[in-house]
Amino acid sequence: VSGRFTRRELFGGVVALAVAIAGARLEPWRALVAVEAPGDPDRLAALLGPDPGAIALGRSYLRAVPVERDAARLTERITAALPGGSAAVHDADDVLRAELGRAARRDFDEQRIVCLDGWYLAVVEARLCGLAALLHGPPIA
Amino acid sequence: VIGDARTLPQDAELETVVCIVGGGAAGIVLARELAAGRVPCVLLEAGGLGYDPRDQALYRGENVGLPYFPLDVARLRYLGGSTNHYGGVTRPFDPEDFEVRPGVPHTGWPITRADLEPYYRRAWEILGLPAGEHGLDAAFEDDPFEPLDVPADRLVTRVAAIVPKDHRSLGAAYEDELRRSTDITVLLHANVTEIETDGEARRVTRVRVATLEGGRFGVRAKVFVLAAGGLENPRLLLASRGTRPAGLGNDYGLVGRYFLEHPRFDAAIVLPSAPDLDVGFYDLHDAHGLKREGYLALPPALEREEGLVDVQLKLRAVPVKAYADAERSAAYESLKSIARHAADAELPDRFGAELANVLDDVMSWQSFSLPGVLAPVPFPEVVGRLMRAAPAEKQALIPEVLGDVAGMAYKAVAGRVPLDAVVVTARIDPQPNPNSRVTLADERDELGMPRLRLDWQLTELDRESVGRALDLLASAFGARGLGRVRRLFDPRGSDWPGDLAGGWHHMGTTRMSTDPSRGVVDPDCRVFGTSNLYVAGSSVFPTAGSGTPTYTLVALALRLGAHLRETAL
């Protein structure tokens, strides 16, 4: 993971992740997040934007879990964690972010966590990063 | 009475009822306890009343295991012993510390917490702590800070008290009393070089004593107690080979094995969800006249269920980069003055002699402490590095001792310190390990005693337990929305972190057991196979425990005193 990305960038990725799914608590940073989503995977990935740290974390996740190197599958698994299911991606930004935040907390509470370059992430967060890596990052070897 | 062994006639033979070897916490407390029952004793202290580099050099030894402090830095050889650099952190062992831990080999004490309970209560007073609940964890409600709201099945919050400065050195605290006592004879500069026994090594008859000035004499007693510390107790037993080639009490080769420390290192950082995360409970702070600090730890039930050793997580707040303001404050100017004072001290003699004062200066900054303010706790590993640093390097090390004061000064001028991060220091109650041990080295000291060789080792279980604790920390903080955790330590790696250090806690080398094939002393602290040789101090601990050793070893010394008064004399 760290071969092409500095630790600072990875730190930024975690911050971006926190901003994306906890936007309501970090209001000033929300403008940084562009949300324009023609399709479900794009909509979810757009929450993170093209953040290099998030992409690096996502690449690390997908290397560890290659079976999830598929945007549709990741989207399905992310939305499965939301009460509204796949329809949740059509919710307003605030609602979607809040639901993702709650899903992340549930993951932490139930110890569904992964450790990427030392950072502990909820599985739903790691999958969001994976989506960002698939849609915005270079191909994964 | 306090006397000087250098004034005794050559080849003098003294006789007493109890001869105590070592004037540290255990020896002083035991002597006082015996004197309270009007039992005469001679307490042989190898050093004087203050730091002396020539005395201290007798402690030099080899480190061949995990990186460890030089052995002449990790302890102090003068009245009061290593309490002279005691940081004051105090907490009793929990009941679980005394139990056999499923999945953790070589655990379990032959006594229980209940056996120590009355002695803990008295030890609390001996250490100068205010009357009240010594269990500490019941004291959450009257604390001005709140513990973090983390799931109790994942992490628990514990509390340690801080011994007042004027009671940390038991030598200084009780010197006047020792001087006035008619039942205690303290002999300074009295270095025991060998324990002599009858032909069967069943009964100790005499200890051979030397001074660095060439004096030689002997002490005969009804009972002998080794109270020279977790490194020196096994050294004396191993070096006493007059009747037993492998040393006294060493028929099963256990003397010196199971050396324990409380290893610690920075294991993680927390990125707080909000910069106003309040970790004041985990900093040093005042709570109704008692200084205390909290920390997180694995819950005992979870440790049992998963077969883990106890891991404690100390939280240290890192304020936002606001040192520019702090550096303009008057407080910071005073701090720099202290730093210059410390940096100008010469090694080893001046600095050693002034170490306590320097530490006092550092600790005195805590009296400026506002609630939640970062405390400049002088971690022993940092002070140890300072002690052995070259003069030119000392200035660079001072900020490590005092650096957080800048945050304190900042708070004084700017109010609440917003946090950038929280550094998580892991501290382990490690698995007792027979391969972690002290043996005798080939080199001899100035008195002809073989020096020590320390081979400090940890186990995979220690590493795995820290990893599990960090997983739980991350899940707990994430579940409560407190922040995200980054691990600085790879539990699957083969190396320990570069900042791995101990706490100047030397334990386990003459461990207590009911079975002579599994321990060196019995539950009364009597060396197996002997009728009148006892050991006091943390070397009898079978496990390092979740608390700090001083409090428990003082309680054990009181218990031994009661035992000797009732049964052995």
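Q: Which residues in helix 6 of chain B are buried?
A: This is a predicted model. In helix 6 of chain B, the buried residues are B:Glu232, B:Asn233, B:Pro234, B:Arg235, B:Leu236, B:Leu237, B:Leu238 and B:Ala239.

Q: What makes helix 6 of chain B, residues 232-239, mostly covered?
A: The count does. Of its 8 residues, 8 are buried. Buried means under 20% relative accessible area.

Q: What covers the buried residues of helix 6 of chain B?
A: Strands of chain B are part of the cover. They include strand 2 (12-21), strand 8 (191-197) and strand 10 (216-226). Also included are strand 16 (437-444), strand 17 (450-455) and strand 19 (533-535).

Q: Why is B:Pro299 called buried?
A: Its relative accessible area is 6%. The cut-off is under 20%. So B:Pro299 counts as buried.

Q: Where is B:Pro299, and which residues does B:Pro299 touch?
A: B:Pro299 is in the loop between strand 13 (290-297) and helix 7 (300-306) of chain B. Leaving out residues up to four places away in sequence, B:Pro299 touches B:Ala152, B:Asp153, B:Arg154, B:Leu155 and B:Val156.

Q: Why is the pair A:Asp117 and B:Arg486 called a salt bridge?
A: The N to O distance between the side chains is 2.9 Å. The definition asks for a Lys or Arg nitrogen within 4 Å of an Asp or Glu carboxyl oxygen. So A:Asp117 and B:Arg486 qualify. The count between chain A and chain B is 3 salt bridges.

Q: Which elements give two or more residues to the side of chain A that touches chain B?
A: They are helix 1 (7-21), helix 5 (93-109), strand 1 (113-116) and strand 2 (119-122) of chain A. Helix 1 gives the most, with 5 residues. By class, this side of chain A has 10 nonpolar, 2 polar and 6 charged residues.

Q: How many residues meet between chain A and chain B, and what area is buried?
A: In chain A, 18 residues are in contact with 19 residues of chain B. The buried area is about 1,700 Å², and carbon and sulfur atoms give 53% of that. The predictor gives the complex an ipTM of 0.80 and a pTM of 0.84.

Q: Where in chain B is the pLDDT below 50, and why does that matter?
A: Chain B averages a pLDDT of 85, and 80% of the residues score at least 70. Over residues 322-379 of chain B, though, the pLDDT is below 50. Residues 402-416 of chain B also stay under 50. Where pLDDT is low, the predicted coordinates should not be read in detail.

Notes: Residues are numbered from 1 along each chain as its sequence is written. Chains are lettered from A and ligands numbered from 1 in the order in which they are written. Side-chain values use heavy atoms; hydrogens and water are left out. Helices (H or I, at least four residues) and strands (E, at least two) are DSSP runs, numbered from the N terminus. Buried means under 20% relative accessible area, exposed over 50%, partly exposed in between (1.4 Å probe, protein chains only). Contact means heavy atoms within 4.5 Å. Buried area is the accessible area (1.4 Å probe) that two parts lose on being put together, summed over both. Ala, Val, Leu, Ile, Met, Phe, Trp, Tyr, Cys and Pro count as nonpolar, Asp, Glu, Lys and Arg as charged, and the others, Gly among them, as polar. pLDDT is the predictor's confidence in each residue, from 0 to 100.
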